[in-house]
Structure formats: C-alpha cells, structure tokens
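Colleague: I am new to reading protein models, and I would like to go through one slowly with you. Could we take a feature at a time, starting with the general idea and then turning to the case on the screen?

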Amino acid sequence: MEKRSSADGATVLIVGAGPAGLVLGNLLLAAGVDCLIVERQSRAHVEQRARAGFLAAETVRVLVDNGLGTGLRARGRQHGTCVFRTERGEFALQYDGLGRGEAHTVYPQQELVTDLVAEFLARGGDLRFDTPVSETGGLDGLDGERPWLVAHRADGTPYRLTGRYVAGCDGRHGVCRRQLPAGAVRSHRRRHGVSWLALLVETPPALPAVTYAVHDRGFAGHMARTPSVTRYYLQCEPGTDPDAWTDAAVWDELDLRMRAERFGPLRRGPVLERAVVDLESDVLDPMQYGRLFLAGDAAGLISPSAAKGANLAVMAAETLARAFAAALHQGDEEPLARYSATCLPRIWRAQEFSHWMIGLLHAPAGDDEESRFLRALRDSRLESLRTSTVQQHSFADNYVGV
Ligand code: RFL
C-alpha cells in the first residue's frame with residue numbers, strides 16, 4: 001500500500017505502539033485512512049516487552065477479522081479451564097463449557113505486538129520508533145481543526161506533526177491523558193491496597209491450567225505463556241523491592257502458597273523478570289477531549305486480576321477506528337462523539353469483575369475483626385463459585401468476555 005502520511009503529519013496521529021495504537025493503526029490503514037504512529041521506545045524494546053497473555057474470544061475475533069490473527073492462530077493455544085487451590089483442596093472450572101462457551105487464546109503480548117508492527121509496516125504504515133512525544137507542551141490545538149504534537153527525533157531534535165485527530169494510545173504513564181482539562185474529565189481511581197510480584201520464569205508451565213492459590217500468606221498464581229516460559233504472581237507488601245526476592249525465595253514461597261507438598265512440585269527455573277504491580281483501577285470519563293481520543297491504558301487502568309487490560313485496549317481501538325472512518329469517509333461525526341459512551345459500559349463491566357476477582361483471591365491476614373470478616377467473605381465467595389452452577393456460568397461469562 002502506498003504511504004500517505006508525510007514528514008509533517010497525517011490525518012490521524014497515533015501516540016504509542018502498544019496493542020491499542022498498533023491495532024488502531026492497522027485498522028485505519030485497512031479503511032483507507034492515513035495515519036502515523038510515534039513510539040518512544042525502540043522496535044526491539046516493544047517487541048520484547050512481556051506483559052499480557054490471555055486474549056478473550058472477542059479480541060481474537062477483532063484481530064482475525066481484520067487480518068491480524070495469523071500468528072495467534074498458528075502459535076496461540078486455547079485455554080478453557082482454571083483451577084482454584086484453597087486450604088480445603090482444589091477445584092477446577094472448565095469455563096469454556098459454561099456461559100457463552102468461549103475459551104481464551106494464550107498468546108504473549110510481545111508476540112502480538114511483533115505481528116502488529118510487521119503488518120502495519122507491510123501495509124505501508126509510517127511507524128517512527130525512538131520518537132517520544134514531548135512530556136511538556138507535546139500536544140496542542142486540540143480544540144481546533146488541526147491539532148499538533150511535538151515529537152523528538154532519535155538525535156533529540158524536536159519537530160511538529162499536524163493532523164486532524166490525535167489518538168492517545170501511550171499507556172498508563174503517557175502524555176496524552178494529561179492533556180484532558182481537569183474540569184472536562186472525571187477520573188475514577190482506586191488503589192486496591194494489594195501488590196503482586198509479577199514473575200516471568202524460564203520453565204514450562206508446571207500445571208495444565210491457570211491456577212489461583214488462595215493462602216493466608218497471600219495470593220499466588222500460575223499462568224502459562226509459552227511452552228518454555230511461565231508467568232507466576234506472588235502477592236507482596238506494597239512498596240516491596242522486587243530485587244529483594246532471590247530466585248530461591250521466590251520458589252520456596254511459590255511452593256508454599258501453591259501447596260506443592262499436597263498437589264505436586266512446581267518446575268523451578270531462572271526468574272527472567274520480576275516487577276511489582278500495584279493493583280489499581282482508574283477510569284477516565286469521558287475518554288476524549290476536542291480532537292484527542294484516548295484508548296487502552298491511556299484511557300484507564302485495570303488491575304491484572306482478571307487479565308482484561310490488553311483486551312480492552314484492542315476493543316477500544318476497534319471502536320475508535322470505526323468512528324474515525326465514519327467521520328472521514330461519510331462525514332458522520334456521531335460515532336466519534338459517542339466514542340466514550342460506547343466504550344465505558346464495557347470498561348466498567350470489566351472493572352466490576354476485576355474488582356470481584358480481587359475479593360475472591362485476597363483478604364487481609366490480620367487477626368482483627370475486619371480481617372477475619374473479609375477472610376470469611378472471601379471463603380464464602382470461593383465456596384459459592386465451587387458449588388453454584390449459576391455462579392459458575394456468570395463467572396465464565398465475565399472471565400472470558402470483554
Ligand atoms: P502499552 O502497551 O503500555 O503501550 C503504550 C505505548 O506508548 C508508548 N509511549 C509513548 N510513545 C511516544 N511518546 C510518548 N511520550 C510515549 N509514552 C508512552 C510506550 O512506550 C508504549 O509502547 O498500552 P496499550 O496499547 O494501551 O496496551 C495496554 C496493555 O499493554 C495492558 O493493558 C496489558 O499489558 C495489561 N496486562 C494484561 N492484559 C490482559 O488483557 N491480559 C493479561 O494477561 C495481562 N497481563 C498485564 C498483564 C499487565 C502487566 N503489567 C506489566 C502491568 C500482566 C502484567 C504483569
């Protein structure tokens with residue numbers, strides 16, 4: 001496809017080459033809308049950044065229907081069961097046989113991003129790596145017809161890019177969300193007071209399914225990524241230094257909380273990455289201002305408890321791509337005007353379920369009345385999930401849906 005962006009701009013300026021920006025860019029090119037993507041990091045960096053892995057059926061549909069699913073169809077693995085371990089024992093939920101009968105596709109985010117970059121370039125897209133948008137004064141003219149942004153070349157020289165629209169897909173710490181005037185946007189933020197040590201280990205998955213271990217020492221989780229790499233989570237004290245956890249300490253604690261003595265040992269291996277993730281929610285309403293539209297983590301954060309972030313990013317990008325195409329091809333501005341109203345119910349439903357999951361997997365350890373009460377609630381919630389078919393169908397619907 002012929003490249004239609006120019007050195008000084010494009011119709012849609014996209015900030016950020018994560019799942020949101022890359023899906024949006026690919027869909028715009030397919031719809032014949034010229035766009036360009038500026039990305040702060042190098043290509044190698046974004047193609048190696050390991051994060052999500054569980055894609056919902058609806059996310060897969062969007063990717064496959066738009067010619068973006070070749071890699072995930074070839075290498076993604078279907079996953080339809082999750083397991084809960086508690087002090088009372090273990091129970092499995094085969095969720096692809098419940099609710100809408102849908103499974104997840106396990107496909108590491110860095111592989112998806114690699115595919116999306118390759119496809120965007122193959123479609124003739126203009127993707128500028130090592131090109132950060134300025135942290136201060138990087139965006140302007142959002143109230144007018146021709147918004148612009150200031151990006152920096154690899155040598156640090158600033159230059160201006162002008163477009164008709166700006167798509168802020170620059171993640172949780174991006175510059176775009178800071179352009180929404182305080183009075184025009186409401187932020188719904190919650191820190192859940194729970195932190196996870198997120199670990200990527202070089203070892204095949206030890207268990208056949210996602211496994212959530214609920215333990216009085218804190219939550220532990222096991223999630224497949226690839227045949228040789230597994231993600232584990234260990235709940236930790238907020239403010240923990242991830243490097244204070246040695247490999248040996250990680251494995252001993254995982255064995256304990258996953259109850260290896262009772263259910264069998266985990267497969268140990270070197271820890272490739274360790275980071276502390278504070279479980280946080282943040283929803284911006286609206287997700288747009290003037291000619292700026294936010295998508296993905298830039299528009300709101302969701303805790304990783306239900307693995308929804310990348311899925312919401314892809315869905316928002318699809319909604320936004322359709323809205324841009326309607327405005328630019330049919331002169332119909334209504335879908336753009338309604339962009340936030342279209343996305344927010346989906347985002348809130350995911351937030352509600354993620355919040356419920358936090359309560360399912362965690363409770364304070366103390367012996368005070370409040371902690372004992374919350375632990376009893378958590379145990380009752382788990383018991384209800386174990387025994388109630390109605391609850392299981394509802395869980396499946398929310399767990400795999402976006
Ligand atoms: P991203 O992926 O953060 O991409 C934003 C991009 O913007 C760039 N950028 C800039 N570029 C130019 N100029 C600037 N000034 C810029 N500032 C930033 C950044 O370099 C980056 O490339 O946001 P996006 O596209 O919205 O995608 C969101 C997802 O990445 C995120 O929601 C998920 O990774 C969350 N998540 C999970 N989601 C799932 O759906 N399923 C999962 O299993 C799952 N597991 C996870 C996760 C997130 C995790 N962490 C690290 C919080 C597991 C973990 C540990």
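**Reading the ligand, the strands and the rings**

Colleague: Which residues come nearest to the ligand?

Modeller: Keep in mind that this is a predicted model. Of the 37 residues around the ligand, those that come nearest are Glu 39, Arg 49, Arg 51, Gln 109 and Asp 297.

Colleague: What kinds of residue make up the shell around the ligand, and which element gives the most to that shell?

Modeller: The shell divides into 17 nonpolar, ten polar and ten charged residues. Helix H1 (19–30), strand E16 (230–236) and helix H8 (309–330) each supply at least two residues of the shell, and H8 gives the most, with four residues.

Colleague: In which sense does strand E5 pair with E6, and over how many bridges?

Modeller: Strand E5 (residues 81–86) pairs with E6 in the antiparallel sense, over six bridges. A hairpin of two residues joins E5 to E6, and Val 83 has Ala 92 in E6 as its bridge partner.

Colleague: There is also a sheet with E9, E10 and E11; which of its strands are the edge strands?

Modeller: Three strands form this open sheet in the order E9-E10-E11, with antiparallel pairing. Its edge strands are E9 (139–140) and E11 (158–162), each of which pairs on one side only. E9 and strand E10 (residues 148–152) pair over two bridges, and Leu 139 stands opposite Leu 149 in E10.

Colleague: My last topic is the aromatic rings. How many aromatic pairs does the structure hold?

Modeller: The structure holds 18 aromatic pairs. To read one, look at the distance between the ring centres and the angle between the ring planes. Tyr 212 and Tyr 399 have their ring centres 6.5 Å apart and their planes at 70°, so the pair is edge-to-face. Tyr 212 lies in strand E14 (residues 210–213) and Tyr 399 in helix H12 (residues 389–400), so this pair ties together parts that are 187 residues apart in sequence. Both Tyr 212 and Tyr 399 are buried.

Colleague: And why does the pair of Phe 395 and Tyr 399 count as stacked?

Modeller: Their ring planes stand at 25°, with the centres 4.7 Å apart, so the pair is stacked. Phe 395 and Tyr 399 both lie in helix H12, four residues apart, which is about one turn of the helix. Phe 395 is buried, as is Tyr 399. Both belong to one aromatic cluster, whose members include Phe 84, Phe 91, Trp 196, Tyr 212, Phe 395 and Tyr 399.

Conventions
Residues are numbered from 1 along each chain as its sequence is written. This is a predicted model: local features need pLDDT of at least 70, side-chain atom pairs count only at pLDDT 80 or more; totals for chains, interfaces and linings use all residues. Side-chain values use heavy atoms; hydrogens and water are left out. Two strands pair if DSSP finds at least two bridges between them. A residue is near a molecule or strand if one of its heavy atoms lies within 4 Å of it. Ala, Val, Leu, Ile, Met, Phe, Trp, Tyr, Cys and Pro count as nonpolar, Asp, Glu, Lys and Arg as charged, and the others, Gly among them, as polar. Rings of Phe, Tyr and Trp (its six-membered ring) pair if their centres lie within 6.5 Å; planes under 30 degrees apart count as stacked, over 60 as edge-to-face and the rest as tilted. Buried means under 20% relative accessible area, exposed over 50%, partly exposed in between (1.4 Å probe, protein chains only).
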